[in-house]
Each structure stands twice: as C-alpha cells, then as structure tokens.
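Let's work through a few exercises together. Keep the structure open beside you and try each task before reading its solution.

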Amino acid sequence: MSEKERYLTKSRFKLALECPAKLYYTGKPGYYNSKIDDRFLKALAGGGFQVGELAKCYFPGGHDIQSLDYETALAETNALLAEENVIIYEAAFRYENLFIRADIVVKKGNQLDLYEVKAKSIKDGQSGLTGTKGGIEAKWKPYVYDIAFQKYVVKKAFPDYVVNAYLILADKSAIASVDALNQKFELVKGENDRNEVHVIGDVSEQTLGKQLLCSISVDELIDPLYGEAPFDFEDGERSFEEWITFFSRQYKEDSMIETPIKAGCSKCEFKVPGWNGNGEFKSGYHECWQNKAGFSLKDFAKPSVMNIWDYRSKDKFLTEGRYFQSEISPEELKPKKERAKQGNGMSRVERQMLQLDRSIKGDNSEFIDKTGLKAVLESFTYPLHFIDFETCTVAIPFNIGRRPYEQIAFQFSHHVLERDGSIRHQGQWLNLEAGVFPNFEFLRALKAQLSQDEGTIFRYAAHENSVLNAIYKQLEDSNEADREALCAFIKTITTSAGSSKENWVGKRNMVDLRELVLKYYYSPLTNGSNSIKDVLPAILEHSTFIKDKYREPIYGNEIQSLNFQGKTWITFDESGRVINPYKTLESTFAGVDQEVLDGFISDEDVEISDGGAAMAAYAKMQFSQMGNEERQRLAESLLKYCELDTLAMVMIFEHWKNNIE
C-alpha cells in the first residue's frame, strides 16, 4: 500500500465511533498508544484469537487469506469468489478507500454470508442484543456497527450479491462436552509481532464436542441503520452511511476531526502517563486539550473536573468551558433531589464535596473521620484476615461440564494481623497446572486458611464476594463429596448476589475495606481514585508511622513473608516522595508496563479490579508453550503481586489504627 492509499478499515471505523479525533492519531509514528504496547499479551487476556480459530473449525474446508499486503489479499479473495461455493477466512474487500477483512465468509451462488467473530458472551441470542425499550443495547452497539460497516463495504464492492450479516459469540448457556478443549488452540507470537494460533491435533466436529459459539443474524438490526443518524458528535446530524463517507474522506486526507472534549477523554489510549511536554512519545490526548481548551503545560497539573470522583455530570461543566475543579462550587455537586443517607460515614455527594473543597483550598492533607472509623474498627474481631483473589474468565472452557466465561479462581493471598500489631503472611495458593479447573481446590485451601478462628475477614472491593458466589453456583451443579460443607463455608463469609435464588448475609461476612475508604477516609493525593494501587502510596506519603516502620528491611525478617526476604517497602524518588511499592516490583512481563497490563479485561461482564496483569500471566500458562524457567518466573511474579495486595490492605488498616490511637 502506498502512502497515499489510506484505507478506512473496520478497526479504524470502530475507533472513530469512540472518538472521531482518534482517527487522526491512530497509527501515527511518534504517538503513544497504550492499547498496542503488546498485542500478544492483550490477545492472551482477551481470548479473541482462540475463539476466532474455534469459529473456523465450525466452518471447515475454508481458504485462509494470510497475506498482510492489501492488494495480494484482495486478489486472492476475488479469485476464490469466482467459485460457485466457497468458504474464506479473512476475506478482503475494498470499496474506494474503505477496506475490510471479514473473519469468515460463506459464498453460495450469489449469496455472501459475513460472520464477525467476537470473544464476547451472550445468553439470549438476538434478543440479548436489544434493550428493554427496543433498539440496540448500548454495550452491543460497537459490535453491531462493526458488522454493519463490513456489510456496507461488501454491498458496495459487490452490488449484485445478496449479503447477510452475522455475529458469532460465545454461548453462555452451552456446556463443554469434551475435556481440554482450550489446549487445542495454542497462541504464539509470530514474525513481526503477529499473533498466531496453532491448532493442536484433531479439531473435527466429533472431537470438538458440543458447539460453544452461536451465530446470530443481525440484518434486522443493521439494515435500518444506514438511513438513520445513530450517533451524533455535535458536527451536524448524519446518517450511518454519511458518517462512513465523512470518516473515510477525513482519514484519506489525514485531517483532524474537531471533537468536543468529554468526560470519556480521561480513558484515551493516546494519553502519555506522566506527560511533561518532553519524552519519547507525543501525547494525542494532551494535544487535543491544548488545541481545544487552550491548555498550557501548567494547566495539566491543576486538579481537573475529569477527576471528581464518581460525578456523572462532568460533561455539563466541560461544555461550559469549566475545566478545573477551582471553577466549580462544591454546592453545585448537590443533586436536585438528595437521597436519604445510608448508614454512617460520608455519602457519595459529601465525599465529592470534600474533594472539591480540598482542591479549591489547595489543601493536600488527608481526612479521617476518626470518631466514625474508631467505632467501626472496635467492632472487629481479632485476629484480622486480609484476602485477595486473582481470577480470570475464558471463552473456551478448560474442562467438560464447564461453560464459556465461567469464573476461574486461580490464586489468593492471605495476611493476618493480630491484636498486638504483629503481622504475618499466613498463606497463599496458586494453580500452575494447565487445563485444570481450579475453583474447588482453591476454595478448600481458602477454607483451611480462614476456619482456624472467628476473626474478621477483609476484602478490597466486591470482587471476592462475587467470585465466591459464582463458585457457590458451580458447587451446586457439581458432585463434589464435600459440596455441602464448602457451600456452607461460602455462606458464612459472603453476602448472596442479586442473581441468587437464596438470600443470606454470613455471620463472618467479609468487610469491604474500599467501602471504609469511601465512608471514612479521603486523600487528595489519590486524585479522585479509590484503587488500592492509588490509596496505598497516598497513605504512605501521609503516614510517618508506616514510613518509619517499613523503611527498614523488616518484611521477610521480623514480619513473616512467603515470597520476600528483608524487603524494604519505603523508598523515595529524587523529590523526596515515596515511590509506589507496586512500581518497585518487576513487571509480570519484562519490558511491558504493569499499568497497561492491568487494563486488559477479557469480558465486559466480568467484575475485576486491577487484575489484568495476573489474568494475562495465567492465560499464557494455559494457552501457550513455555519452559519451566519462564513458568517459575511468572509464578514468582504472580505470588509477589498478590502478596503486596493483601499487605497494602494491612498497611491501610495500620495507618488508620495508629492515627486514631
């Protein structure tokens, strides 16, 4: 492809739908893009390549267009389309400067069936794609628009053909009828960092067992789109077809599409972390703000409206040209109708107002509701237990009897804090064996750890409660000899999920440390975040007690650790600030930014917090070949990160207790 031939592909079209300005930055040399730091690891965490290969097995006998060259791929596709009946994988189509590769194409006479494979799950067929009031469900719009774009290109390229469009998705109601199905699809990194899946052994229909993917016709959803205006970027109302034409022209001319600044800009992949105007990469995010809001370098250091915690009307302020927290009055955050306050501690609005008040005053001191927090801390039973889980979901089940995207719990860490202040890393568990469903052994190990006393158990956020509820359902459908005892244990330490047929609140129901942060603690140094990876360094900055204690190499000496020896957790940067302990650990994958890894999510239905790195590491153990040395290194990294998660919880608790006492 020559430099002048700038094709609007389906991935670029999808990107433009997220934000038209991104079309200008994508693929440009010198610009940072967090989503392409490592395609192989992202493929591991997402599972899309394995699902794509499994889908091909359901359409056997197809021709695979492997060439990356546009013209070659088009020529090979057109030659195959000359046949009366044919199946093509990665078929290439072009119309003007629109170019797509369709995952699977089935040609029968003058009929072309397009199949777009997505590593997403669905329960209710096409009805699951539509909302309660009709129309396409918001979370499915990007995928429906994707296949709509493909159908448009194919219809324009071959107007005499009847073109039908389908989505292929993982069927959550399907149950695997064979073991080790995932082991048949090995992900490898090929030449030029191109991801490849090697199919291992027999993949005939009989060997694959019951189909786990379903094909959903979407023509009824997408055909009306072409004449409608399904989205509006405040640049005039356009139909779907007109947007395609507009995007293709702007991309061909390499022209920036002026796009209003929105709250969603905070998640832009073209945003360089810690940008200071210099550095190796250009930052598209910062260029946008400089061009549209007239920001200077100093403005980016000011507390932004974008960082007001959990405030859902940020776009109102941005539209008015108010970009800084100093331009907002705390009273403006109050809703017209305030809900009755639930329980003690700060309400959501009170916390937002506190954040804004501290920001306006330039007050970076922490806030602790000592009275409220003291009463809560005194209600706990010692010894205290702090637990953290690492989990994943996979589209292709490991074992017979399992469903796509079932919850898999492969690791936990457990710290204990005694009343006298002594701490120990009590236990941990990690499954390293490929192709094994680990949940029940995971639960047995956890039960053994937590059943020694009646001490209070802490988690950070809702993930652990959700995971144990999922395992409860899996146990109900199992034939495990100790099923009843394991289910009873789960019910003692959890709250039933909303989807459960039963209702319970365990007598040792886990305490959510994040909820205590939200109600009783705030630090401006978190910049509005309540992730443990942001709360911990903020507390370390504030707490003289924690700094003095952990600047010595006592961890792994006086304090029992299962993975560290004489670890010093408190170190300082050139400006005298405490270095985030998470940044002192080697990344799970050498050379790959840990924060980028933590952004990898396999399925939007899965609730997970900061666990993308662990998910990618575990997926690599399951879906790719590796030597014992690499496997051991990954295991050691996983154990250290999970241990730090529970130690972080202990440090937060220690700081509060010391501050109150």
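**Exercise 1.** Against which elements do the buried residues of α12 pack?

*Solution.* A word on the source comes before the steps: this is a predicted model.

- Step 1: Locate the helix. α12 covers residues 348-361, 14 residues in total.
- Step 2: Check its length. From the first C-alpha to the last it reaches 20 Å, close to the 20 Å expected at 1.5 Å a residue.
- Step 3: List its buried residues, taking under 20% relative accessible area as the cut-off. They are V349, R351, Q352, M353, L354, Q355, L356, R358 and S359.
- Step 4: Find their partners. These buried residues pack against β9 (367-368), α17 (513-520) and β15 (521-522).
- Step 5: Look just past the helix. G362 follows α12 and has a positive phi, near 65 degrees.

**Exercise 2.** Work out the strand order of the open sheet of six strands, and say which strands are at its edges.

*Solution.* 

- Step 1: Read the order, which is β1-β2-β3-β4-β5-β8, with mixed pairing.
- Step 2: Pick out the strands that pair on one side only: these edge strands are β1 (63-64) and β8 (213-217).
- Step 3: Zoom in on one pair. β4 (residues 111-122) and β5 (residues 162-171) run in the parallel sense and share nine bridges. Within this pairing, D113 has N164 of β5 as its bridge partner.

**Exercise 3.** In the largest nonpolar core, which residues touch the most other members?

*Solution.* 

- Step 1: Take the core as a whole; it has 57 residues.
- Step 2: Follow I222. Setting aside neighbours within four places in sequence, I222 is in contact with V144, I147, A148, K151 and A165.
- Step 3: Note a second, separate core of 45 residues, which includes L536, I539, Y550 and W656.

**Exercise 4.** How many disulfides does the structure hold, and is C392 buried or exposed?

*Solution.* 

- Step 1: The disulfide count is zero.
- Step 2: For C392, the nearest cysteine sulfur is that of C642, 13 Å away. A disulfide would need the sulfur atoms within 2.5 Å.
- Step 3: C392 counts as buried because its relative accessibility is 4%. C487 counts as buried too, at 8%.

How values were computed:
Residues numbered from 1 in each chain as written. Predicted model: local features only at pLDDT ≥ 70, side-chain atom pairs only at ≥ 80, totals over all residues. Heavy atoms only, no water. Pairing = 2+ DSSP bridges. Helix = DSSP H or I, 4+ residues; strand = E, 2+ residues; numbered from the N terminus. Buried < 20%, exposed > 50% of the residue type's maximum accessible area, 1.4 Å probe, protein only. Expected span 1.5 Å × (residues − 1). Contact = heavy atoms within 4.5 Å. Core = buried A, V, L, I, M, F, W, Y, C linked by side-chain atoms within 4.5 Å.
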